[in-house]
Amino acid sequence: MVSDFDLRICFAPANVPLVRRIQTAVVLQWVFSFLALAPICIILFLLLLFTRFWLISVLYAIWWYIDWDTPSRGGRKVPFLCRMRLWEYMRDYFPIKLVKTADLDPRKNYVLGFHPHGVLVAGAFTNFCTEATGFSKLFPGLRYNLLMLPLWFRAPFFRDYIMFAGLVPSDKESASYLLRRKGGGNAVVIAVGGAPEALDAHPGDYTVHLANKKGFIKLAIEHGADLVPIYSFGENELFDQVENRRGTWLRYIQERLQFIMGISLPLFHARGVFQYSFGLMPYRKPINTVVGRPIPVEKNEKPTAEELDVFHQRYMDELSRLFEEHKGNYGVAEDSHLLFQ
């Protein structure tokens with residue numbers, strides 16, 4: 001039976017400080033952009049064709065054709081937008097902190113593996129698409145790009161919006177282009193677990209989809225880019241998710257849809273804008289993104305299966321070490337350990 005307490009809605013007080021209201025507004029627009037902006041842009045593009053403003057869609061379609069390869073050629077990052085104070089409000093909403101454990105030589109290239117994906121990858125976006133947490137100050141000389149599902153770069157208007165933040169498609173062609181740029185100091189950030197890992201983003205869950213993920217290892221070896229594990233403590237604490245253990249009908253449907261569409265559909269909820277009981281706004285819980293030590297990688301354009309296995313195991317060991325070494329600082333129980341899937 002559901003208690004009266006469970007049915008009670010906890011509204012936000014009227015005297016919430018203005019700065020917290022601004023933080024909430026900024027995160028609201030980010031959640032809206034993540035969940036709804038792409039389909040809205042597609043619908044807008046199509047609707048304009050049947051209005052007196054049809055020329056806008058036609059001209060954009062021409063531009064789209066000309067600009068088709070830009071996402072896989074480094075994108076179109078606008079540093080000014082990444083440094084906007086707007087993102088500092090988003091950082092402080094949770095808050096989010098980027099933790100450095102070792103220097104990264106700007107003469108080298110890097111493949112940074114981000115774990116866990118979480119529901120909406122809030123930590124990855126804030127740390128690696130904005131300067132709110134000071135990536136460039138902590139790791140001077142590095143040019144960095146976060147990789148995102150290629151599907152989103154097929155949405156008109158939206159593709160330009162996400163490229164401004166430095167996002168590029170998460171395919172080999174896009175990542176290789178960045179790592180081939182001359183002079184070193186190039187870093188690609190990959191949420192290795194991808195969309196399937198979002199289905200395991202439950203509070204207190206430390207499941208990492210990595211056991212069979214070797215594509216990013218091969219990418220690093222082929223380009224001689226050092227591997228850097230990253231663990232974002234608190235990423236899975238931002239939302240509650242409907243129970244979907246493996247073997248349940250819900251998990252089966254979610255995995256089938258993910259296989260067909262390429263994106264996962266976790267049924268999540270947290271708080272609202274004006275009340276704390278339900279909604280799609282993330283909880284105000286801290287995220288501490290810890291960047292580990294680089295794993296040296298020698299370039300080999302045709303790595304063997306044995307070489308892939310060696311570096312894959314070395315990466316998993318280093319990620320586990322990073323988690324165990326820092327978990328006590330961020331409220332993780334001593335008997336909690338990473339579970340590799």
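A: Contact here means heavy atoms within 4.5 Å. The model is predicted, so local features need pLDDT of at least 70 and side-chain atom pairs count only at pLDDT 80 or more, while totals for chains, interfaces and linings use all residues. Residues are numbered from 1 along each chain as its sequence is written, and side-chain values use heavy atoms, with hydrogens and water left out.

Helices (H or I, at least four residues) and strands (E, at least two) are DSSP runs numbered from the N terminus. Two strands pair if DSSP finds at least two bridges between them. Seven strands form an open sheet with mixed pairing, in the order β1-β10-β7-β2-β5-β3-β4. Its edge strands, β1 (96-100) and β4, each pair on one side only.

β1 and β10 run parallel and are joined by five bridges, with Val99 having Val290 of β10 as its bridge partner. β10 pairs with β7 in the antiparallel sense over four bridges; Phe233 stands opposite Asn288 in β10. β7 (residues 226-233) in turn pairs with β2 in the parallel sense over six bridges, and Tyr231 in β7 is the bridge partner of His115. β2 and β5 are parallel and joined by five bridges, Gly113 standing opposite Ile190 in β5. Four bridges join β5 to β3, again in parallel, and here Asn145 has Val188 of β5 as its bridge partner.

Burial is the next point. Buried means under 20% relative accessible area, exposed over 50%, and partly exposed in between (1.4 Å probe, protein chains only). In β5, six of six residues are buried: Asn186, Val188 and Ile190 lie on one face and Ala187, Val189 and Ala191 on the other. β10 (residues 287-291) has five of its five residues buried. Both faces of β10 are covered, with Ile287, Thr289 and Val291 on one side and Asn288 and Val290 on the other.

Helix α9 (residues 172-179) packs against several of these strands. Its buried residues are Ser174, Ala175, Ser176, Leu178 and Leu179. They pack against β2 (110-115), β3 (143-148), β4 (168-169) and β5 (186-191), and also against helix α11 (215-223).

α11 has a further partner in α13 (residues 305-326): the two axes come within 10 Å and cross at roughly 110°. Axes are lines fitted to C-alpha atoms, for helices over the stretch in contact, and angles run from 0 to 180 degrees between N-to-C directions. Angles under 35 degrees count as roughly parallel, over 145 as roughly antiparallel, 65 to 115 as roughly perpendicular and the rest as oblique; α11 is therefore roughly perpendicular to α13. Phe216, Ile217, Lys218 and Ile221 of α11 meet Glu307, Leu308, Phe311, His312 and Tyr315 of α13. These contact residues divide into six nonpolar, one polar and two charged, where Ala, Val, Leu, Ile, Met, Phe, Trp, Tyr, Cys and Pro count as nonpolar, Asp, Glu, Lys and Arg as charged, and the others, Gly among them, as polar.

Within this helix pair, Glu307 of α13 is in contact with Ile221 and Asn300, leaving aside neighbours within four places in sequence. Glu307 and Ile221 are 86 residues apart along the chain, and their C-alpha atoms are separated by 8.9 Å.
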